[in-house]
Amino acid sequence: MGMQIDAFELRRVRIPLVTPFRTSFSTETHRDALLVRSFAHDGPTGWGECVADVQPLYSPEYVDGAADVIERYLIPRIFASHGPAAEDVAKLLSRVQGHPMAKAALEMTILDAELKSQGISFGQRLGASRERVDCGVSVGIQGSVAQLIDTVAGYVAAGYKRIKLKIEPGSDVQFVRGVREHFGPDLLLSTDANAAYSLDNPAHIAAMQALDPFALLMLEQPLAPADIPGHAALAQLIASPICLDESIVSAKSARYAIEIGACKIINIKPGRVGGYLEAVKVHNVCAERGIPVWCGGMLETGIGRAANIALAALPNFTLPGDTSESKRYFAQDITEPFVLEHGQLRVPTGPGIGVEPLASSLKEFTTSVKLISR
Ligand code: OSB
Ligand code: MG
């Protein structure tokens, strides 16, 4: 038996980014997030964050759609089940196809309430094995090589342990060369294409092969999300280890991708795989097969960031994640800011996610609130 939830609050917040974030699929100037609060009967308040973007460009989900499916199809299943434990939520919602980010937000808010009532932290519950996690940073596509070097220099000075460059066809080889030549061989450097390349295009293959000399830690998600076999074929053509992000939607898909040789590394995002509990299963599948993982990010507020950092403290998260400090994204976060210390963030230790939204931030950034009662 779990928590009896009397009501959920769907709260939209819109926070300006300190710098526009350009990827191969969009340029974002704000984070428009959906926070899901749960009001347990005679119990604590839980928080969840839905990581869907405004537009369905990274994945089919988008934030208005996520709010709609949560309200109309997911919450009614929770209300009908009389207080599910967090570990039962995924099964309970499984008849609804897809929508992993929406489901993950609902599972997260219930898990937070449940753990708060038990006095247990996310880290303890998920199996964290360290108190601090190494952090990397994801750098958006910049207007010039000089500008990119300048931006990267700031992050290196801040202490980040791994630099990830967003790339796309036409903004790839010269950017990577520039950064590698400027910072030298010791910089842990990776790239993320967000599915912008195709094996049908010889120029794309040539560009990916031209990255070989730059000793990349990984090339993340070069091909389409559904094309796991294509990544296995690409692995035979390039030296850079392939990391999958968009393609990995469950522990099962991780097992398949590893078995056919599609990737050497996996980026785990709880929202993309339907929740923190499935994320732990992905971690376990990878650990058993000797595949290192790291925690991805979706420009989370402090709410999602707190839980991501707990996840990133599990034993097989051996590479620095996209778990950057609050000020890399926001001048003012929803929670107290996460601050980098020697390239690391501290895993929250309080019950549940271990952080609370600041009333002043909620007031400043909320664009709408909807209460859905039993
Ligand atoms: O592909 O990892 C990605 C942000 C939004 C959507 C997809 C991705 C990203 C990032 C940023 O790379 C990671 C972060 O700092 O949160
Ligand atoms: Mg990615």
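This is a predicted model: local features need pLDDT of at least 70, side-chain atom pairs count only at pLDDT 80 or more; totals for chains, interfaces and linings use all residues.
Residues are numbered from 1 along each chain as its sequence is written, chains are lettered from A and ligands numbered from 1 in the order in which they are written, and side-chain values use heavy atoms, with hydrogens and water left out.

**Exercise 1.** Find out how many residues surround ligand 1 and which classes they belong to.

*Solution.* 
Step 1: Look for residues with a heavy atom within 4 Å of the ligand. There are 16 of them, and S138, K166, N194, L299 and Y329 are the closest.
Step 2: Sort this shell by class. Ala, Val, Leu, Ile, Met, Phe, Trp, Tyr, Cys and Pro count as nonpolar, Asp, Glu, Lys and Arg as charged, and the others, Gly among them, as polar. You get six nonpolar, three polar and seven charged residues.
Step 3: Check the domains, whose bounds come from an automatic or database assignment. Domain 1 (5–119 + 357–373) and domain 2 (124–346) each supply at least three residues of the shell.

**Exercise 2.** Which side chains have a polar atom close to an oxygen atom of ligand 1?

*Solution.* 
Step 1: Search for polar contacts, meaning pairs of N or O atoms within 3.5 Å.
Step 2: Read off the distances to ligand oxygen atoms: 2.6 Å for a polar side-chain atom of Y329, 2.9 Å for one of S138, and 3.1 Å for an N or O atom in the side chain of K164.
Step 3: Now consider cover. On its own, ligand 1 has 390 Å² of accessible area (Shrake-Rupley method, 1.4 Å probe), and the protein covers 99% of that.

**Exercise 3.** Work out where ligand 1 sits, and describe that space.

*Solution.* 
Step 1: Search for cavities, sets of points on a 1 Å grid over the protein atoms alone where a 1.4 Å probe fits but cannot get out. Four of 30 Å³ or more turn up.

Note on methods
A polar contact is a pair of N or O atoms within 3.5 Å; within protein, one must be able to donate a hydrogen and the other to accept it, and residues adjacent in sequence count only if both atoms are side-chain atoms. On a 1 Å grid over the protein atoms alone, a cavity is a set of points where a 1.4 Å probe fits but cannot get out, and a pocket is an open set with protein on both sides within 12 Å along at least five of seven lines; lining residues have an atom within 4 Å of a point. A molecule sits in a cavity or pocket if more than half of its atoms lie within 2 Å of its grid points. Grid points are joined across faces, edges and corners, and a volume is the space filled by probe spheres set on the points.
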